[in-house]
Amino acid sequence: MSKVCVAVKLTLKSGMRGAFDEAVKPGLATAEGEPGTLMYAYHHDGANENVVWFYEVYADQAAFQAHMSTEAFKAFSASLAPMLDGAPEFSFLAPKGGKGI
């Protein structure tokens with residue numbers, strides 16, 4: 001299986017979650033049009049209101065690289081940066097099986 005999965009943990013500055021929820025909408029819409037992006041999901045953390053997550057599934061490494069290198073993604077990331085309290089934490093996962101994978 002050559003799919004690439006990524007879990008990204010973002011810690012927000014206090015009180016920024018509502019603004020962040022609005023700010024992610026363009027990025028979610030852009031991901032819809034990326035053929036190699038199979039899933040691009042945004043989540044609130046259940047235990048910490050200042051933490052949000054992205055769970056992403058790509059067809060392969062090339063699709064992940066294509067996503068990360070677009071001007072749209074670079075602009076999207078730059079627009080979110082002022083709301084973050086620290087650097088994003090990336091976990092790269094290699095799916096081995098299961099429903100939806």
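Predicted model: local features only at pLDDT ≥ 70, side-chain atom pairs only at ≥ 80, totals over all residues.
Figure 1. Beyond the residues up to four places away in sequence, F20 touches L10, L12, Y42, V52, F54, L80, M83 and L84. F20 also belongs to the largest nonpolar core, a set of 21 residues in which F20 and F54 touch the most other members. Two or more residues of this core come from each of β1, α1 (17-23), β2, β3, α3 and α4. With four residues, β1 provides the largest share of the core.

**Figure 2. The largest pocket and its lining.** The space in this pocket amounts to about 210 Å³. Its lining is made up of 15 residues, and those nearest the centre of the pocket are L10, F73, S77, L80 and P88. At least two lining residues are supplied by each of β1 (4-11), β3 (51-58), α3 (61-69) and α4 (71-80). The largest share of the lining is that of α4, which gives four residues. Sorted by class, the lining comprises twelve nonpolar residues, two polar residues and one charged residue. L10 and L80, both listed nearest the pocket centre, are also among the residues touched by F20.

**Figure 3. The largest cavity and its lining.** One cavity of 30 Å³ or more is found when the whole structure is searched. The space in the largest cavity is about 50 Å³. The residues that line this cavity are G27, T30, A31, E34, Y40, H67, A72, F73 and F76. Helices α2 (25-32) and α4 each contribute at least two residues to the lining. By class, five of the lining residues are nonpolar, three are polar and one is charged. F73 lines this cavity and is also listed among the residues nearest the centre of the largest pocket.

**Figure 4. T37 in strand β2.** T37 lies in β2, which spans residues 37-44. The relative accessible area of T37 is 11%, and the residue is therefore classed as buried. The side chains of T37 and E34 are joined by a polar contact of 2.6 Å. When neighbours within four places in sequence are left aside, the contacts of T37 are A31, V57, Y58 and H67. Of the residues named in this view, A31, E34 and H67 also line the largest cavity.

**Figure 5. F92 in strand β4.** F92 is located in β4, a strand covering residues 89-93. Because its relative accessible area is 52%, F92 is classed as exposed; the cut-off for this class is over 50%. Not counting residues up to four places away in sequence, F92 touches C5, V6 and F64. F92 and P82 are separated by ten residues in sequence, and their C-alpha atoms are 24 Å apart in space.

**Figure 6. K25 in helix α2.** K25 is a residue of α2, the helix that spans residues 25-32. K25 has a relative accessible area of 45% and is therefore classed as partly exposed. From C-alpha to C-alpha, K25 and C5 are 21 Å apart in space, with a separation of 20 residues in sequence.

Note on methods: Residues numbered from 1 in each chain as written. Heavy atoms only, no water. Buried < 20%, exposed > 50% of the residue type's maximum accessible area, 1.4 Å probe, protein only. Polar contact = N/O pair within 3.5 Å; in protein donor to acceptor, adjacent residues only side chain to side chain. Contact = heavy atoms within 4.5 Å. 1 Å grid on protein atoms, 1.4 Å probe; cavity = no way out; pocket = protein on both sides within 12 Å on 5 of 7 lines; lining within 4 Å. Points joined across faces, edges and corners; volume = space filled by probe spheres on them. Nonpolar A, V, L, I, M, F, W, Y, C, P; charged D, E, K, R; others polar. Core = buried A, V, L, I, M, F, W, Y, C linked by side-chain atoms within 4.5 Å.
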